Every structure is written in structure tokens, then in C-alpha cells.
Amino acid sequence: MSAAPLPVVLAGARGHGRWHLENIRRLQQAGRIRLVGICELEPLTGNELDGLGEPAQFADFAGLLDATAAAVAVVCTPIPTHADLAVAAAARGVHLLLEKPPAPSYADFRRITEAVDAAGVACQVGFQSLGSHAVPAVRALVADGAIGEPMGVGGAGAWARDEAYYRRAPWAGRRRLDGADVVDGVLTNPLAHAVATALAVDGSTRADDVARVDTELFRANAIESDDTSFVGITTARGGRIGVAATLCAERPDEPYVIVHGTLGRITFWYKQDRVLVQRAGHGPEEVLHGRTDLLENLVDHLAGRAELLVPPASTGAFMKVVEAIRTAPDPRPLPVEAWRSVPGDHEGVRRRIVHGIDGLVAASADTLCGYAELGTFWALPDRQPDHRPAPSSSSAAARTPTAETPPR
């Protein structure tokens with residue numbers, strides 16, 4: 001006899017939350033879960049809820065949990081709200097699927113983990129790429145010596161976002177808002193998966209696995225946070241991880257991570273679950289892997305059929321990176337000669353392209369070097385600061401220097 005569908009609520013059903021709503025619809029149709037509540041400031045319409053019945057709709061999350069007796073809450077709300085909502089759910093014994101990044105600061109992350117541990121509830125962090133079957137497959141290849149001795153992991157993300165992206169919400173592109181941390185930068189939110197996936201394939205996922213984080217944070221757009229950045233991570237084992245990303249690409253492409261070895265390399269396009277192995281003495285081998293949905297995995301975990309794929313402890317290393325970015329000097333504005341403005345995706349909206357950034361991001365993933373070490377003029381530490389007006393709550397400051405790069 002099959003178990004009854006698990007009662008689920010969704011906090012944040014618009015914007016990126018629409019993806020979660022569709023996933024909940026899929027699992028409800030499969031008889032795995034049942035949507036019993038929605039938390040939104042404006043109630044969803046009948047069209048938006050087509051096929052999902054008539055779930056309760058509250059603007060107050062705690063009130064929704066109390067009224068519905070939900071077993072699981074999917075939280076896809078603004079970053080600064082994650083900790084409060086997660087703690088409220090844990091206090092009521094409600095299990096969690098918490099959208100990434102789990103928190104804007106390491107202190108908030110600790111608050112979440114302590115509440116979850118104290119309540120004994122399960123918490124899955126929404127790094128969907130970590131549900132890819134490619135992650136353990138890549139790690140197994142490295143462990144088996146397929147590419148020789150590992151030499152480091154690079155990550156690259158070249159995306160494009162126009163000015164409308166930064167107008168979508170009051171917290172978009174902010175480091176802080178109304179005294180609260182936001183840290184909505186390229187590597188902490190839109191391309192956070194590049195960082196988390198690079199850490200995962202390296203096997204450095206827990207907080208204690210990170211010894212040092214060095215940052216290079218820049219912005220071409222008139223925002224507080226960074227849109228073109230690099231982080232260099234030194235692991236507790238002495239390994240090196242470097243991730244470069246931008247939202248100002250000329251030709252946006254699929255993000256990826258590369259595991260470098262003495263005898264070859266493994267490239268993993270994590271949104272596509274696609275892996276390419278290139279090694280000495282062999283032709284290139286490409287494999288397309290499957291993926292386990294994280295909400296489905298959480299449901300299976302609660303039924304005793306699976307281990308959680310992304311518990312909070314496995315995102316501790318990522319949160320060390322978030323904390324390094326949060327506490328770093330404010331992103332340096334790029335000089336006007338470093339970028340150009342072109343029509344964006346929306347009528348009457350512009351977007352900014354950083355000259356040559358597509359190649360720089362790729363070169364960084366290949367070499368594990370930051371923009372300054374690659375010789376990029378606007379990243380050099382002795383470049384005079386740009387004195388163009390910045391957003392009122394942001395100030396220009398020098399980058400944090402990169403760590404020494406390991407052998408190529």
C-alpha cells in the first residue's frame with residue numbers, strides 16, 4: 001500500500017518560485033506530494049494554480065504552517081528572509097527544501113543549521129546541480145586516477161543580464177538592504193552553482209574543508225554588488241579551486257567546471273549533466289548523466305528510502321565563500337573603457353558587456369588564475385579607482401588579492 005501524499009507548502013511562488021510550483025505540480029500528479037498552502041504577498045490566481053487544487057493562501061508564513069499542518073516547506077523567497085523562515089519551519093517540526101544560497105551570511109547559516117539540528121527536521125539546500133549523477137561519477141574518475149594526480153578545479157560562468165534584472169526586486173544587486181545582508185552577487189546567487197559544483201567535484205563541501213578564500217569583485221553595472229568576479233579557494237588539503245563568472249558576457253554560454261589532472265582533464269557542464277573526459281592515450285569520452293530532483297529526494301529521505309543529497313553541512317564550504325564575499329571590500333566599479341552598452345532582452349532596456357570577458361572567464365577556468373594574474377588592466381591592484389558616482393550605499397574599494405596559483 002503506497003504512502004499518502006506528503007502535504008507541502010511553497011513560500012515564494014512567483015519569479016524563480018514558478019519553477020518550484022511546476023515541480024510540485026509534477027510530483028502531485030505522480031501522487032508523491034500534495035500542495036496544501038502558498039505563501040505570497042498577492043494570492044495566486046486560478047490559472048496559476050491549475051491542476052493544484054485550492055491550497056490555502058497566506059501572506060504570513062508561520063500562519064500558513066500553523067493552518068495547514070504541512071510536513072514540508074519549500075522556501076524560495078528573497079535571500080535575506082531565508083534564515084527567519086527556515087527557523088520558523090524548524091520550530092514547527094516542518095522539513096525544508098531551502099533555495100540557494102541558504103543564507104546571506106555565515107552567522108545566518110549557523111542559525112539555520114542549529115535550528116534544524118535542534119528540531120530534528122530534514123533540510124535540503126536547493127543546489128539542483130548537486131542532484132546530478134555526474135558529480136559522483138566525476139569524483140570516481142578522479143579517485144580511480146583517470147586523469148592522473150589532481151591539480152585543481154576551475155569553474156566558469158559567462159551569462160548576460162540586462163538592467164531589468166536588477167530592477168526585478170528591491171534586493172536585486174544589493175549587498176545590504178535596510179540594514180540586512182543580501183549579498184546578491186554573481187557568485188553567491190545566479191552562478192552560485194558554479195562555486196558549489198566546483199567544491200563538490202573536489203570533495204571539499206564542508207566548512208572545515210576550506211582554508212582560505214581570496215576574492216576579486218567588480219561591477220560594470222550601476223549596482224552595489226558584483227557582476228564580474230573571481231574567487232580562489234585554498235582547501236584544507238592544500239588544493240586549489242578557482243571560479244570566474246560574469247553577468248556581462250558578450251555571448252552567454254553554458255557554465256562548467258573543469259577538474260585538472262597531470263594526465264588529462266574532466267569538463268562538467270552542470271546544467272546539462274554532461275561530462276567530457278580528455279586524457280592521455282585515450283580519445284575524448286562524453287557521457288550524459290541523469291539527475292535526481294531534490295524535492296523528490298527529500299520525500300524519499302523522509303520515507304526512509306534515501307540519504308539527503310544536499311544537507312546543510314554539505315554547503316558549509318560554499319557558505320565560507322559567501323562569507324568571504326560578504327566581508328570583502330565593496331566591488332570595484334569597472335572603468336568606462338572596460339565595457340560597452342548594448343540593447344538588452346527587454347524593449348528600451350540596455351545591458352553592459354565587459355570587453356573580452358568571455359575569454360577571460362574561460363582562461364581563468366583553464367589556469368585557475370584570477371583576472372589580475374591574467375594581466376587584465378582593470379583588475380590590477382595599482383589601477384587608480386574609478387570616481388564615477390556609485391549607488392548611495394556602496395563605495396569603491398580595492399580587490400582582495402588572490403592566493404598563489406598552483407602548478408598548471
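**Entry 1: cavities**

I began with the largest cavity, which holds about 40 Å³ of space. The model I am working from is a predicted one. My search for cavities of 30 Å³ or more returned 2 in the structure. I then listed the lining of the largest cavity: Phe 127, Leu 130, Ala 196, Leu 199, Ala 200, Thr 205, Ser 314, Thr 315, Ala 317 and Phe 318. Which helices each supply at least two residues of this lining? I found helix H6 (192–202) and helix H8 (316–327). H6 gives the largest share, 3 residues.

**Entry 2: helix H1**

I looked next at helix H1, which runs over residues 17–29 and has 13 residues. From first C-alpha to last I get 18 Å, close to the 18 Å expected at 1.5 Å a residue. I checked burial along H1 and noted Gly 17, His 20, Leu 21, Asn 23, Ile 24, Arg 25 and Leu 27 as buried.

**Entry 3: aromatic pairs**

I searched the whole structure for aromatic pairs and got 7. One of them is Tyr 106 with Phe 109, a tilted pair at 5.6 Å centre to centre with 50° between the planes. Why are Tyr 106 and Phe 109 separated by about one helical turn? They are 3 residues apart in helix H4 (residues 106–119), so about one turn lies between them. In general, an α-helix has 3.6 residues a turn, so residues three or four places apart point the same way. I find both Tyr 106 and Phe 109 buried.

I also looked up Tyr 256 and Trp 269, whose ring centres are 6.3 Å apart. Their planes meet at 50°, so I logged this pair as tilted. Tyr 256 belongs to strand S13 (residues 256–261) and Trp 269 to strand S14 (residues 264–269), and the two are 13 residues apart. I have Tyr 256 and Trp 269 both down as buried.

I recorded one aromatic cluster made of Phe 218, Tyr 371 and Trp 378.

**Entry 4: charges over a ring**

Last, I looked at the ring of Tyr 165. The charged end of Arg 161 sits over this ring, 5.5 Å from its centre. The charged end of Arg 168 also sits over the ring of Tyr 165, at 4.0 Å from the centre.

How values were computed:
Residues are numbered from 1 along each chain as its sequence is written. This is a predicted model: local features need pLDDT of at least 70, side-chain atom pairs count only at pLDDT 80 or more; totals for chains, interfaces and linings use all residues. Side-chain values use heavy atoms; hydrogens and water are left out. Helices (H or I, at least four residues) and strands (E, at least two) are DSSP runs, numbered from the N terminus. The expected span of a helix is 1.5 Å times one less than its number of residues. Buried means under 20% relative accessible area, exposed over 50%, partly exposed in between (1.4 Å probe, protein chains only). Rings of Phe, Tyr and Trp (its six-membered ring) pair if their centres lie within 6.5 Å; planes under 30 degrees apart count as stacked, over 60 as edge-to-face and the rest as tilted. A charge sits over a ring if NZ of Lys or CZ of Arg is within 6 Å of the ring centre and within 35 degrees of the ring normal. On a 1 Å grid over the protein atoms alone, a cavity is a set of points where a 1.4 Å probe fits but cannot get out, and a pocket is an open set with protein on both sides within 12 Å along at least five of seven lines; lining residues have an atom within 4 Å of a point. Grid points are joined across faces, edges and corners, and a volume is the space filled by probe spheres set on the points.
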